[in-house]
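Biologist: I would like to learn how to read a structure that is new to me, one feature at a time. Could we go through it together?

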Amino acid sequence: VQTFQLPLIAIMLGAAGVAVAALQFRNGMLGLTVLVAIAVAFPFEFGGGVRRPLNLALPLAAGIVAIWLLGVFAFRRRTRLVPSRDVYAVIVFMALGVASFMAGQLPRDGMAGAPRGAQLAGLAMLLVSGGLLLAVGSLVRNLPDLRHLTWVFVAAGSVTCITQTLPGLDFVGRWVAGESVGSVFWTWLVAVSFSQAACNRNLRVLTRLFLFRLILSVSQRQQ
């Protein structure tokens, strides 16, 4: 990214962030939908001057968690979280991450710890991932919401698969190939697509055939 383009990119990202934040506060599912689409089909990255580019999905996920927490604590919105072992496990996971970060700041004789920036980045990933899991559990209120996110993921994954397998679409593949498109992504795409094609009795025949064809395309790509 050229230097003169950085202020323009920052302004565009800031404006988009404010718009998404305002809409997210009114409708929590919107932010989750945009997050899935950006992380999968349009994984824009910025920060070319650092060792590893930053995926736009990470600050968006942090924003979703922050807006959810603002609604819970500042506006007294109900979390709708069910007291379960899963919720407790996530909270303990995040607490252990904070405790590990604090322990890493203690002086150690003859041992050089990781740089402070790397430790903060790791802690941020732990807290954002745990907070996002809690936010999704609160914002996804019913089965249609969960079905919506599932098909957004399948649709975004289909776009990624098509652009990376069909000849002549290499120029599009440069926009949809990022750090978030790896082995874990392809595994989940196959798992979700197969479960829908094999177990969802409400699918039309053409949709079921498309999902099986998508699974075949992913399998051929990985060979």
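Predicted model: local features only at pLDDT ≥ 70, side-chain atom pairs only at ≥ 80, totals over all residues.

Biologist: Which residues have the most contacts inside the largest nonpolar core?

Modeller: A nonpolar core is a set of buried nonpolar residues joined through side-chain atoms within 4.5 Å. The largest one here has 23 residues, and those with the most contacts inside it are Leu32, Leu35, Ile64, Trp68, Leu132 and Leu134. The elements that give two or more residues to this core are helix 2 (28-40), helix 3 (57-73), helix 4 (85-104) and helix 5 (116-139). Among these, helix 3 gives the most, with seven residues. There is also a second, separate core of 17 residues, which includes Val152, Val181, Phe185 and Leu189.

Biologist: Which residues of helix 3 are buried, and where do they lie around the axis?

Modeller: The buried residues of helix 3 are Ala57, Leu60, Ala61, Ile64, Val65, Ile67, Trp68, Gly71 and Val72. They cover an arc of only 160° around the axis, and therefore they sit on the same side of helix 3. As for its length, helix 3 has 17 residues and reaches 24 Å from its first C-alpha to its last, close to the 24 Å expected at 1.5 Å a residue.

Biologist: What does the side chain of Ser138 make a polar contact with?

Modeller: Ser138 is found in helix 5, and because its relative accessibility is 4%, below the 20% cut-off, it counts as buried. Its side chain makes a polar contact with the side chain of Trp68, at 3.0 Å, and Trp68 is also one of the residues with the most contacts inside the largest nonpolar core.

Biologist: Why can the buried residues of helix 8 be said to line one face?

Modeller: In helix 8 the buried residues are Phe185, Trp186, Leu189, Val192, Ser193, Gln196 and Ala197. Seen down the axis of helix 8, they fall within an arc of 140°, so they line one face of the helix. The face turned away from this buried side carries the exposed residues Ser183, Val184, Thr187, Trp188 and Cys199.

Biologist: Which residues does Thr150 touch, leaving out those up to four places away in sequence?

Modeller: Thr150, which has its place in helix 6 (residues 143-165), touches Val192 and Gln196 when such sequence neighbours are not counted. Both Val192 and Gln196 are among the buried residues of helix 8. The side chain of Thr150 also reaches the backbone oxygen of Leu146, at 2.8 Å.

Definitions and conventions
Residues numbered from 1 in each chain as written. Heavy atoms only, no water. Buried < 20%, exposed > 50% of the residue type's maximum accessible area, 1.4 Å probe, protein only. Helix = DSSP H or I, 4+ residues; strand = E, 2+ residues; numbered from the N terminus. Polar contact = N/O pair within 3.5 Å; in protein donor to acceptor, adjacent residues only side chain to side chain. Arc of directions from axis to C-beta. Contact = heavy atoms within 4.5 Å. Expected span 1.5 Å × (residues − 1).
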